Amino acid sequence: MSGTPLLSLAIWVPILAGLVVLATGSDRNAPLARMLSLIGALAGLLVTIPLYTGFDMSTPAMQFVELSPWIRGFNANYHLGVDGISMPFVILNSFITVTVVLAGWQVIESKVAQYNAGFLIMSGLLNGIFSALDGVLFYVFFEASLIPLYLIIGIWGGPRRVYAAFKFFLFTLFGSLLFLIALLYLYMQSGGSFAILDWHKMPLALNAQTWLFLAFLVAFAVKVPMWPVHTWLPDAHVEAPTGGSIVLAAIALKLGAYGFLRFSLPIAPDASHAMAGMVVGLSLIAIIYIGFVALVQDDMKKLVAYSSIAHMGFVTLGFFMFSALAIEGALVQMISHGFVSGAMFFSIGVMYDRAHSRQIADYGGVVNRMPKFAAFFMLFAMANAGLPATSGFVGEFMVILAAVGHNFWIAFAAATTMIVGAAYTLWMYKRVVFGAVSNHHVAELTDINAREFLVFVLFAVGTLVMGLYPQPFTEIMHSSVNELLR
């Protein structure tokens, strides 16, 4: 392992690139801003590759650790490190940033530099969340990441963008305030330490654990989002530009789930076991009820947004069955959801850019005008429905398999998503893509260009490689997941 500060590079390269892009200023320099954004996003991805190639899979210890004093008066440090749970999300986030820059290449025509800079800065902040091992540092990154996404929805979003941005901000901010109170309590109980790994070893009474668990639950449930605090997500997705929807689904929803693994389970283990039944119940409601809600949507973005809530229900279900297979399955589902949901939102964005409608009823017969697009869209629709050999199948199958050993009826209830998910995804696909050309808007559609083809290929590679050969993803997690359970 070299002495290169790889995690600092993963955080600050995209942030500095974003500031450089911001300095290009007005839309007169839009071509330069786009090119610098792509270079910055690719540089951000390249510096994360050694995290995988240099990763020691045999140990659960934090790797690529960086530690420097930061706020001496509070004993807060600039403390970074990744394990088998967090490292894949740093790489996934950096990959998604490249696709987002490409996705908005021609579509965004006003404030181009500011738009791309927002995504680059957010990419660095999100990598900071997955790398932070200090409570204050984690909280700063956790809160700061809201700001670029809030601006992206509020400035480049749809007609109700301000309402959606405010709703998103208020929901997540309320959860974050409880999280801050929990962090301050842990700081006092630990004798003045903000080191998250110290908190993992701290013995706490069940009563204290219960209150901490509830504070964490509210903070992270809003981010996931779990039922019933999920109502901000469909509004945010519908109003967000395509790039905003991709990042929101692929990365931002993972922050809450990651918080459960980094805070709730290791810091409040007894309370986690005591409250597991409640979380499993909420997860099953998300999987089944929200699946039926998705079935009646007439807006494609809303349908995929609700399907995201159902898929993330699998993640929280897996975490609270306390088996290695279930937690690894949940982590695989998180990574897969990054590829599949990002691709689904990009597909809807491609159609919206041409026809300026997300209503299922405004389409029909798209395959006649866009055969290449229809082929890619079919692959991602099948992955969203959990077809074997796609990444969408692997995580859900692992969680269901673990659930059979835990409780047959939980497994049976969770498995209904295979049917409901196929119903809402394939019914949407049938109505949008198949049949005769339904109207003059569809008749005027043109097939995907080279840039869109490249973005689809990137998503397709991730979806198929993970579906056909998931071992490189799962073997990274083994040691860290076993240590978490221990």
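I started with helix α12 (residues 242–252), which is mostly covered: eleven of its eleven residues are buried. Among them I noted Thr242, Gly243, Ser245, Ile246 and Leu248. For me, buried means under 20% relative accessible area, exposed means over 50%, and partly exposed is in between (1.4 Å probe, protein chains only). Helices are DSSP runs of H or I with at least four residues, numbered from the N terminus.

A note on the source: this is a predicted model, where local features need pLDDT of at least 70, side-chain atom pairs count only at pLDDT 80 or more, and totals for chains, interfaces and linings use all residues. Residues are numbered from 1 along each chain as its sequence is written, and side-chain values use heavy atoms, with hydrogens and water left out.

**Pocket**

Next I looked up the largest pocket, which holds about 670 Å³ of space. A pocket here is an open set of points on a 1 Å grid over the protein atoms alone, with protein on both sides within 12 Å along at least five of seven lines; lining residues have an atom within 4 Å of a point. The volume is the space filled by probe spheres set on the points.

I found 27 lining residues, with His200, Pro266, Glu483, Leu484 and Leu485 nearest the centre of the pocket. Helices α9 (196–200), α13 (254–267), α14 (269–274) and α24 (471–485) each supply at least two lining residues. The largest share, five residues, comes from α13. By class, I have 17 nonpolar, five polar and five charged residues in this lining.

**Backbone**

Which peptide bond is cis, with omega near 5°? I traced it to the step from Trp227 to Pro228, and Pro228 sits in the loop between α10 (206–223) and α11 (232–239). Most residues other than glycine have a negative phi, and most peptide bonds are trans.

I then checked Phe322, whose phi is positive, near 55°. Phe322 is in the loop between α16 (300–319) and α17 (324–355), and is partly exposed at 22% relative accessible area.

Ala389 also has a positive phi, about 80°, although it is not a glycine. I placed Ala389 in the loop between α19 (371–384) and α20 (391–406); it is partly exposed, with a relative accessible area of 34%.

**Surface**

Last, I found a nonpolar surface patch of about 370 Å², made by Trp12, Leu16, Leu19 and Leu22. Patch residues have over 30% relative accessible area and no salt bridge, and nonpolar side chains are joined within 5 Å. A salt bridge is a side-chain nitrogen of Lys or Arg within 4 Å of a carboxyl oxygen of Asp or Glu. Leu16 belongs to helix α1 (residues 6–23).

Methods:
Patches are made of residues with over 30% relative accessible area and no salt bridge: like charges are joined within 9 Å, nonpolar side chains (Val, Leu, Ile, Met, Phe, Trp, Tyr) within 5 Å. Accessible areas come from the Shrake-Rupley method with a 1.4 Å probe; for residues, only the protein chains shown count as cover. On a 1 Å grid over the protein atoms alone, a cavity is a set of points where a 1.4 Å probe fits but cannot get out, and a pocket is an open set with protein on both sides within 12 Å along at least five of seven lines; lining residues have an atom within 4 Å of a point. Ala, Val, Leu, Ile, Met, Phe, Trp, Tyr, Cys and Pro count as nonpolar, Asp, Glu, Lys and Arg as charged, and the others, Gly among them, as polar.
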